[in-house]
Structures are given as structure tokens and as C-alpha cells.
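Subject: Structure handover

Hello,

Here is the structure for your files. My notes follow below it.

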Amino acid sequence: MTYNPYTSAPPVKSASSSTSATDPLFGFLPRNVNVKQVLKAMDGDVNPFTRQPHSEQYKKILQIRKKLPVFAQMEDFLKMFSENQIIVMVGETGSGKTTQIPQFVCYSDLPHTKRKLVACTQPRRVAAMSVAKRVADEMDVQLGKQVGYSIRFEDMTEPGTTFLKYMTDGMLLREAMNDPNLERYSTIILDEAHERTLATDILMGLLKSLAKRRPDLKIIIMSATLDALKFQKYFSITENGEPAPLFKVPGRTHPVEVFYTQDPEPDYVEAAIRTVLMIHRAEDPGDILLFLTGEEEIEDACRKIKLEADDLMNQDPESVGPLVCIPLYSSLPPQQQQRIFDPAPPPRVPEGPPGRKVVVSTNIAETSLTIDGIVYVVDPGFSKQRVYNPRIRVDSLLVSPISKASAQQRAGRAGRTRPGKCFRLYTEKDFMTELEEQTHPEILRSNLANVVLELVKLGVKDLVRFDYVDAPAPETLMRALELLNFLAALDDDGQLTALGSIMADFPLDPQMAKMLIVSPEFRCSNEVLTIVAMLSVPNVWIRPPNQRKEADAAKAMMSVPDGDHLTLLNVFNNYMQNKHDRNWAWNNYLSQRALAQAENVRAQLQHTMERFDIDLVSTDDQRKLYTGIRQALCCGFFMQVAHKEGEKGAYITVKDNQVVALHPSCGLDTQPEWVIYHEFVLTTKPYIRTVTEVKAEWLLEFAPQYFDMSAFPDGETKRALLRVQNKRSRKAIEGANGNSKGIERPSKKARK
DNA sequence: GAGCACTGC
């Protein structure tokens with residue numbers, strides 16, 4: 001007998017040979033389980049999911065779990081879960097919701113009895129892994145068996161056995177592309193929904209409509225308090241328009257006292273340094289966390305704090321202790337990131353004033369990393385945020401004021417182990433009136449080419465009318481549709497083409513997917529695969545401040561004069577040839593970590609290519625190979641072309657007419673007339689970065705729709721293109737005439 | 001003659 005999810009489920013009978021006496025779940029009615037039943041099963045000697053005796057460790061952990069705030073509310077939760085399809089849940093840090101709620105769900109939903117899974121999504125890979133590990137311990141099972149996780153590059157689940165799966169939100173979205181009804185799942189929990197990642201936002205839209213098609217699917221949205229009402233209203237799917245029910249769990253944190261400045265601070269870095277030193281001099285022992293915006297600012301501040309703190313200590317060793325300053329940002333190697341967990345330094349002399357640790361961090365310490373022992377937070381109120389300008393199609397990073405929610409999150413970092421203090425370097429009035437409530441969700445700040453392709457593949461017909469939690473600007477959607485149409489991923493009616501369907505299966509930007517898919521036609525798919533992988537990982541070049549010359553020289557050795565894309569290929573090939581030498585990357589000022597990551601991505605993409613029978617080919621002729629690669633590049637990135645104007649090295653982007661300069665990191669040895677660029681960065685001025693020379697002929701040949709002269713804005717770029725076009729047509733005519741006279745020309749070529 | 005906020009597939 002197969003289980004039909006659309007009918008009410010029978011109570012659990014002894015599934016195998018066991019009897020009621022030995023089956024801890026005997027008599028459990030799926031989705032109608034009460035707290036007494038669950039507690040009895042949890043307290044029993046036999047693990048209900050493995051039928052093995054519970055370990056001693058299990059019982060110890062269970063005692064700790066029972067003290068979590070959420071545990072006391074199991075009864076209410078089970079009731080609400082039984083009675084509703086969708087629940088919005090709020091719980092502050094320390095409530096235990098991420099570990100406990102999915103377990104409660106399993107006891108009620110009993111996914112293993114119907115060959116289904118409970119999924120719990122996380123915005124970050126590390127969280128998915130570490131929470132799964134913790135929950136496997138709590139349930140007394142081996143990680144990867146009944147409880148597992150699934151993230152890119154690593155599937156720690158066992159089909160048929162795993163019934164509770166932690167996963168990244170992006171991973172669930174990928175799964176939805178091949179199974180729009182998400183049939184494998186009986187309950188889906190979206191955790192950290194308030195972070196509003198692109199993937200979580202899209203999943204919310206999908207789940208809302210899926211809830212109607214699959215009345216048997218239960219959905220739980222977990223978030224921080226501030227956003228609850230918005231989600232409750234959004235998930236109001238009953239006829240009478242009632243908001244989705246709310247389940248509240250108290251947190252368990254210590255109070256944090258917040259201080260504001262009297263007047264606005266003109267220089268937040270200087271004010272931050274001053275505040276850190278003030279705390280060090282005048283406040284009780286306890287570590288400090290200072291939020292700044294980027295690598296350079298952080299390294300600079302660390303140097304200054306260190307200098308001044310040493311000064312203070314030398315002047316007044318009786319009352320000022322030693323201080324260590326630790327920088328923290330994502331591009332730091334993991335080993336150095338670990339330093340944030342080092343204890344504060346000991347007093348310099350026995351019985352002397354105690355030492356203090358200062359962590360100077362980007363936003364990474366706001367959500368991704370928690371540092372225990374922080375008592376003081378210094379918050380200047382800024383972070384770097386991505387903004388997308390659809391008009392000129394440019395992504396950039398801007399230092400912007402944070403939101404109130406962000407400021408609260410930062411303050412909370414001071415109260416994790418004991419009561420703390422937060423020093424905000426802005427006025428209370430500014431906090432109240434100037435800061436936005438929430439950070440704008442990613443979907444409002446991003447280029448959506450990828451998302452649109454995914455949605456179309458998911459079967460969403462009308463992208464503009466899709467039920468978004470927050471709808472993106474129509475212009476952003478139009479830009480994405482336009483790009484996908486030029487790439488032939490969508491036809492003129494907005495329908496997914498066969499090519500587009502393949503493109504969507506690659507975890508890549510559409511331009512790169514296109515370039516990879518066409519690369520066998522240019523006999524260079526091996527190489528394009530490498531380039532695409534290298535473009536998908538963080539910067540491989542390392543440039544230590546005191547060894548810039550050496551680093552630049554090492555880079556010059558590896559550079560290919562025709563373009564940075566070819567240089568990336570060269571770097572990867574050299575890396576592979578020197579893999580036996582563990583110091584090779586370091587000696588060449590390259591990031592071992594990024595290169596290893598590229599290798600990983602390359603293997604994954606190769607696997608996808610094989611699935612679609614896309615050939616992996618190369619040619620032996622180096623010249624032809626490089627030409628082929630640059631032509632394939634044109635097929636994907638024809639909308640990112642710049643034309644040299646004048647002799648001073650200024651470039652103008654085609655159609656968008658932005659004046660840009662080659663980025664100083666660019667390895668071209670000349671300034672070619674036409675270049676393709678991988679990214680447009682707006683820093684001190686507009687730059688194009690990762691640049692390769694191309695020929696105008698190729699653009700006309702491989703992207704005729706985009707380079708249609710009748711629809712091209714007037715200007716120097718158009719005149720240059722027209723000259724090339726005329727030359728091409730003259731050649732074509734001469735070629736045709738030549739052919740009509742005989743085989744003179746081709747035979748000459750053949751003799752060469 | 002500059003710089004990678006942070007995630008994710």
C-alpha cells in the first residue's frame with residue numbers, strides 16, 4: 001500500500017516486527033500528536049527513530065534542551081502545528097528555535113512513515129552544517145543518517161533514511177527548479193527569513209503559491225520579531241484574509257545598555273578609535289567589538305588603536321592593561337579569522353590591570369560569526385552595501401547608514417554572555433528619524449538576471465505580477481528580461497528556449513553559462529570551463545601591503561597580453577602543473593584557497609556539462625585557441641563591451657555610454673580599440689576590471705541582434721562599428737566575386 | 001595606479 005498524502009494518515013502501527021510495547025511511537029497520529037506522547041518518547045530508553053537504546057550522552061543533552069525557552073512551549077506549538085498549514089514564528093537569539101522546532105515537527109509530522117522529509121533552510125553553509133551536527137547529536141543519530149544536511153559540493157544525506165534535512169536556501173531553490181511541487185517534503189521551514197536573502201525571498205513566493213496546490217504541505221517561516229507582521233500578512237491565504245498565526249518564543253539574552261553621542265560625529269573612524277580607547281581606560285574588563293566597513297579601514301584602525309593603546313599603557317601602567325587588536329573580514333584566511341577566539345592578553349605584571357581584546361570587524365560579525373565574551377560594542381552606524389543601478393546596469397558597493405534592525409543586532413552582540421554596553425556614534429535623534437527600519441532586502445538591490453531565469457524555469461509565467469514579498473523595480477526586471485532575450489535564453493514572447501533551460505541548470509550568471517555552452521563550437525570548452533570557474537571564485541591575487549612590487553612582478557610573469565581572461569586560464573593551468581609544490585601558490589602571490597575553490601567549481605560545472613553532452617574539447621594551436629576563447633567570450637558578454645575614444649586611454653561603454661578607465665590591475669600591454677570586460681566597478685572613479693581585447697567583427701558576427709546598427713545610438717562607437725561593417729560587406733562581395741571567377745583565393749590560402 | 005560588505009547555486 002502506498003501512502004496518499006491527500007488523505008488523512010493512519011496512526012503509526014508497529015512498522016516492522018516490533019509490537020506496541022517496543023515501538024515508542026505506537027499510537028502517534030501524524031500531525032495530531034500531543035506533548036505527553038512526545039515527552040514520553042523522548043524520555044524513553046529506546047530511540048524512536050533508530051530503535052537503538054539511547055546513549056548516556058543523549059540523556060545529558062536532553063536535560064540541557066529542556067531548559068531552552070522553546071521547550072516549555074512544546075504543547076502550544078504542537079497544537080498550532082496540528083491546526084494550521086502555515087505558521088510564522090519569531091524567536092530571538094538563544095531561544096533554541098533552530099534546533100528544537102524541526103525536531104518537534106518530526107515527532108508530530110512523522111515524515112519517515114511516509115517517505116518524506118522535513119527541510120529547514122539556512123542562509124549560510126556553515127550554519128546548515130553545524131546545526132545539523134548539533135541536532136544529530138540531540139537525536140542520538142549519526143550525522144548523515146536520519147538527520148543530515150545538503151549544501152553546494154556536499155550532500156550529507158542518505159536517501160530513504162534522512163528525514164530531517166538542514167540545507168542552504170539556495171539549495172532548496174535549485175531543487176525546486178527540477179521539482180516545482182517539492183514533493184519530497186512534508187514540512188518546509190524557512191529559518192532566518194528576516195535576513196531576506198534573494199533565495200529566501202523567492203522561496204517565500206513559491207511556497208505561498210505551492211501551499212494552495214499542496215494542502216498537505218506544512219510551512220513554517222521563522223524570523224526575528226520586527227518582521228513578523230509583514231510575513232503574517234503576506235502568508236494570509238485563507239478565504240477571509242486572516243493573517244497567518246504567530247508563534248512567539250522568548251529569547252535568552254542579557255540586557256545591553258545603549259549610549260548615543262550628543263552631536264553627530266564628523267569622522268566616524270576617528271570617533272570609533274577614540275571610543276575604543278575610552279572604554280579601555282575607563283570601563284570594567286570585557287572585550288570590545290568595533291564595526292567598520294572594509295578591509296583597508298579595519299587594518300588602518302587596528303594599527304592606530306594598537307599604537308595609542310601601547311602609549312596609554314606606558315604612560316600609566318598602574319591602571320591601563322595591555323590590549324590586542326584583531327581584524328576580521330571575510331577575505332582573511334580562516335587561520336587568521338580564528339584569532340578572534342583567542343583569549344584577551346594577561347596582565348603585563350602579576351596583579352596588574354587585566355588585558356583586553358578588541359575585534360575590529362565588518363558586518364561579518366553581525367550575523368555570520370559570533371564571538372563570545374564581547375561586553376562592549378562600538379557602532380559607528382555604517383556598512384558597505386551593494387546597490388544596483390538598472391539604468392546603467394552597474395553593481396557597486398556604497399558605504400551607507402545601517403538600518404535600525406541592523407543596529408539592534410549589533411547591540412545584541414554585547415549581551416551574549418553577560419550584561420553589556422553599546423556605544424552608538426550617532427545621536428538618538430538620528431537613530432529615531434534617519435535610520436530605515438529594515439535593510440532593503442537583497443531583491444531590491446541586485447541585478448536579477450539569474451533570478452529571472454530561475455523563475456522562468458520554475459514555470460512562473462508573469463514575472464511582473466509574481467507575488468513577491470517586496471516587488472523589485474520594474475526596470476530591474478526589464479533589464480533582466482532584455483539580457484536573457486539577447487542571450488537567446490528567452491524568446492521574444494518571454495518563453496524559455498531550449499538553450500535557456502540548459503543555462504538555468506548551471507550555477508552561473510547567464511552570460512557565463514552562455515559562453516560555456518557555445519564554447520565547443522570554438523574548440524575551447526576545456527579552457528572556457530576553467531575561465532568560468534576562475535571568474536566564479538574570489539580574487540586569486542594576493543598583494544601584501546609591504547610586498548606590492550614583488551606581488552606585481554609575480555603577476556606580470558603570469559600575464560597574457562591579450563587579456564585578463566586568458567591570464568586567469570594561465571594561472572589555473574600553472575597551478576595544476578605545480579600542485580605537488582605546496583608553496584607554489586604562496587611563492588607566486590596567489591591564494592591557495594581561491595585556486596582550490598576554482599578547482600572544485602570547475603569539477604561541478606564539468607559534471608553539469610556532461611549531463612547535457614556538451615563536449616570538452618581543445619585545439620593544439622595556441623593562437624587559434626586564444627582566438628576561439630575570445631570569440632566565445634563575445635557570445636556571452638557582448639553587452640559588456642567598451643570602445644576606446646581618443647588617445648588618452650578613455651573608454652566608453654557601448655550603448656550605456658559610461659566613461660570608464662581600465663582598472664590598474666588590468667594586464668593588457670596596449671590599449672586595444674575594443675574590449676570586453678567582466679565587471680564595472682565604481683570606486684574612486686568608474687573602472688572596468690578583468691578585460692580582454694576583442695575584434696569588432698566578432699561582435700557583429702556573434703551578436704547581430706545586439707549590434708543591429710539601425711537601433712544603435714549615434715556617436716563615435718556607432719561610426720566605428722559602421723566602418724567595420726562596411727569593410728565586412730565589401731570583403732563579402734569581393735569574396736563572392738572572387739569565387740565566381742574561380743578558386744584563385746582559396747587555393748592560395750590552402751598552399752600556405 | 002586601485003582594493004573584496006556579506007552570502008548562495
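α6 gives the surface near DNA strand B its largest share, 3 residues. "Near" means that a heavy atom of the residue lies within 4 Å of the strand. Helices are DSSP runs of H or I with at least four residues, strands are E runs with at least two, and both are numbered from the N terminus.

This is a predicted model: local features need pLDDT of at least 70, side-chain atom pairs count only at pLDDT 80 or more, and totals for chains, interfaces and linings use all residues. Residues count from 1 along each chain as its sequence is written, chains are lettered from A and ligands numbered from 1 in written order, and side-chain values use heavy atoms, without hydrogens and water.

Back to the DNA. There are 32 residues around DNA strand B; Arg125, Ser330, Asn539, Arg543 and Thr683 come nearest. By class, the surface has 10 nonpolar, 10 polar and 12 charged residues. Here Ala, Val, Leu, Ile, Met, Phe, Trp, Tyr, Cys and Pro are nonpolar, Asp, Glu, Lys and Arg are charged, and the others, Gly among them, are polar.

- Arg689: a polar side-chain atom is 2.4 Å from a phosphate oxygen of DNA strand B.
- Arg152: a polar backbone atom is 2.6 Å from a phosphate oxygen of DNA strand B.
- Pro507: a polar backbone atom is 3.3 Å from a base nitrogen of DNA strand B.

Best regards

Notes: A polar contact is a pair of N or O atoms within 3.5 Å; within protein, one must be able to donate a hydrogen and the other to accept it, and residues adjacent in sequence count only if both atoms are side-chain atoms.
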